[in-house]
Amino acid sequence: MAKAQAKKQVKTQASAPAATRTRKKNKRTVTTGAVHVLATFNNTIVTVTDSQGNVIAWQTAGGAGFKGSRKSTPYAAQMAAKRAIQVAKESGLKTVDVFVCGPGPGRESAVRAVGEFCNILRIVDKTGIPFNGCRPPKERRV
């Protein structure tokens with residue numbers, strides 16, 4: 001009987017949640033980096049990386065508080081770029097290369113927003129161009 005009670009006490013002590021440790025984030029100082037802007041017809045994603053490609057900060061138009069069709073506006077892309085750059089500026093970002101990809105309406109406004117906060121060294125358009133494209137839909141029979 002005493003053994004059963006001792007086992008119950010051990011089980012209740014073991015099931016108590018242990019204190020979780022949180023790791024301290026390392027603050028990196030980065031002076032040069034890259035900003036990748038993916039502008040689709042539905043959303044705009046802005047990613048700020050260092051020169052090796054490690055992500056420092058990122059933001060989307062949807063994450064900036066816009067929903068539905070307002071996500072695909074140039075203003076939403078501008079706000080997403082501003083938020084991403086402000087977070088990256090805290091780690092010391094000063095000069096960037098901008099890589100733009102996609103046909104969306106937020107391309108230029110995102111680049112202009114980046115230019116307000118950082119010095120832009122170059123702007124590269126990495127939008128893919130189809131060589132032969134998709135197979136066209138068959139003709140409509142009426």
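Let's start at Ala113, which sits in helix 3, residues 107-117; helices here are DSSP runs of H or I with at least four residues, strands are runs of E with at least two, and both are numbered from the N terminus. Keep in mind that this is a predicted model, so local features need pLDDT of at least 70 and side-chain atom pairs count only at pLDDT 80 or more, while totals for chains, interfaces and linings use all residues. Residues are numbered from 1 along each chain as its sequence is written, and side-chain values use heavy atoms, with hydrogens and water left out.

Is Ala113 buried or exposed? Ala113 is buried, because its relative accessible area is 1% and the cut-off for buried is under 20% (exposed is over 50%, partly exposed is in between, using a 1.4 Å probe and protein chains only). Skipping residues up to four places away in sequence, Ala113 touches Gln78, Ala81 and Lys82, where a contact means heavy atoms within 4.5 Å. Met79 is 34 residues from Ala113 along the sequence, yet their C-alpha atoms are 7.8 Å apart in space.

Now zoom out. The protein has three helices and five strands, and from the N terminus on they come in the order α-β-β-β-α-β-α-β. Helix 3 belongs to a right-handed β-α-β unit together with strand 4 and strand 5. Right-handed means that, with the strands pointing away from the viewer, the path from the first strand over the helix to the second runs clockwise.

Six of its seven residues are buried, so strand 4 is largely enclosed by the rest of the structure. What does strand 4 pair with? With strand 1 (residues 32-39) it pairs in the parallel sense over seven bridges, and Val35 stands opposite Val98 there. Strand 4 is also joined to strand 5 (residues 119-125) by six bridges, again running parallel; in that pairing, Val96 has Ile120 as its bridge partner. For two strands to pair, DSSP has to find at least two bridges between them.

Ser91 counts as buried because its relative accessible area is 14%. Leaving out neighbours within four places in sequence, Ser91 is in contact with Arg28, Thr29, Val30 and Ile56.

On to the rings. Phe66 is buried, with a relative accessible area of 14%. Elsewhere, the charged end of Lys126 sits over the ring of Phe99, 5.4 Å from its centre; that label requires NZ of Lys or CZ of Arg within 6 Å of the ring centre and within 35 degrees of the ring normal.

How many disulfides are there? Zero, across the whole structure, with a disulfide taken as a pair of cysteine sulfur atoms within 2.5 Å. Cys118 is buried at 4% relative accessibility, whereas Cys134 is exposed at 73%.

Finally, the overall tallies. Of the 142 residues, 30% count as buried. Among contacts with a separation of 6 or more, 61% come from residues 24 or more positions apart.
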